[in-house]
Amino acid sequence: MLTRRHGLVPMLAKGIRKISVKSASAFGGPLDLLAAGEMVFIPPRTGELATLTAWQIEDHQPAIRNNLTAFYAGQIICEFTIAMLSPHDPHAGLYIELLATLKLLTGSQASRALIAYLKCVLVAAGYQARLDTCIVCGAAITSGGTVRFLPGHGTVVCANCQCGELNIKAESRIILALYRLAPPSELPQRPLGRSADIAALRAAAKILTAQIESLTNRRLQTADLLDLVIRINELEDRANPVNKPV
């Protein structure tokens with residue numbers, strides 16, 4: 001469970017499949033992925049598993065469950081969040097951004113919100129990427145040309161400098177757009193004047209995924225879904241121009 005006050009809480013829902021009449025009122029609603037609600041739990045004495053004692057569902061996210069692409073996006077959000085956060089470390093700001101992202105997953109800014117949230121996960125975990133200056137010479141990155149992103153450091157190297165570490169070549173305009181990208185909660189107040197650039201979104205997704213995988217030293221199972229979600233959202237936007245932001 002991701003909570004506002006306690007952060008990520010690994011827990012055991014003991015006996016949830018054998019609820020008696022006496023305890024039925026304590027568990028109102030299914031424990032499904034992305035479901036939001038109020039819960040009561042007993043903190044762990046040893047180890048990391050808390051014990052869930054009560055759960056009342058408030059929002060089962062029906063809009064997301066009726067949209068396969070949005071549900072895929074939700075799976076991505078869950079895995080990336082679990083991969084980056086430490087248990088019992090509160091991140092109230094990220095919790096708010098997650099709720100804001102879920103509201104946008106079925107709209108015209110779905111892909112943009114997803115990328116913005118993944119950026120927020122890195123920031124919350126203390127790994128905000130420094131994308132506006134070259135890590136070698138300190139020169140400001142300007143739009144036009146290319147740079148090289150270093151996943152292990154979350155920094156960039158300009159075209160004039162050399163770097164022997166693992167890196168990803170990217171257009172500087174995409175790097176700067178990612179650096180300036182607002183959090184999901186602010187996106188509704190910043191509508192796009194045109195359709196999102198799918199190539200830019202896919203490149204940004206590749207950069208964020210590479211950084212998270214480098215930090216966690218493991219392959220994310222939903223990484224391939226991220227590219228698929230962005231491409232499907234683009235196709236849906238083209239098929240439904242009325243949903244595009246104005």
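Predicted model: local features only at pLDDT ≥ 70, side-chain atom pairs only at ≥ 80, totals over all residues.
1. Four strands form an open sheet in the order β7-β9-β8-β10, and their pairing is mixed. At the edges stand β7 (130–134) and β10 (168–171); each has a single partner strand, so one side of each is left without a neighbour in the sheet. On average, neighbouring strands of this sheet are turned by 35 degrees against each other, direction ignored.

2. A strand pair within the sheet. Strand β8, which covers residues 146–150, pairs with β10 in the antiparallel sense, and four bridges join the two. The student may locate one of these positions directly: Thr146 has Glu171 in β10 as its bridge partner.

3. The helix crossing. Two packed helices are described by the angle between their axes and the distance between the axes. Here, the axes of helix α2 (residues 68–84) and helix α6 (residues 198–216) come within 10 Å, and they cross at roughly 40 degrees. The crossing of α2 and α6 is left-handed.

4. The residues in contact. Which residues of α2 meet α6? From α2 they are Phe80, Ala83 and Met84, and their counterparts in α6 are Thr209, Ile212, Leu215 and Thr216. Sorted by class, the contact of α2 with α6 has five nonpolar residues, two polar residues and no charged residues.

Definitions and conventions
Residues numbered from 1 in each chain as written. Heavy atoms only, no water. Pairing = 2+ DSSP bridges. Axes fitted to C-alpha atoms, helices over the stretch in contact; angles between N-to-C directions. Left-handed = near helix turned anticlockwise from the far one by under 90°. Contact = heavy atoms within 4.5 Å. Nonpolar A, V, L, I, M, F, W, Y, C, P; charged D, E, K, R; others polar.
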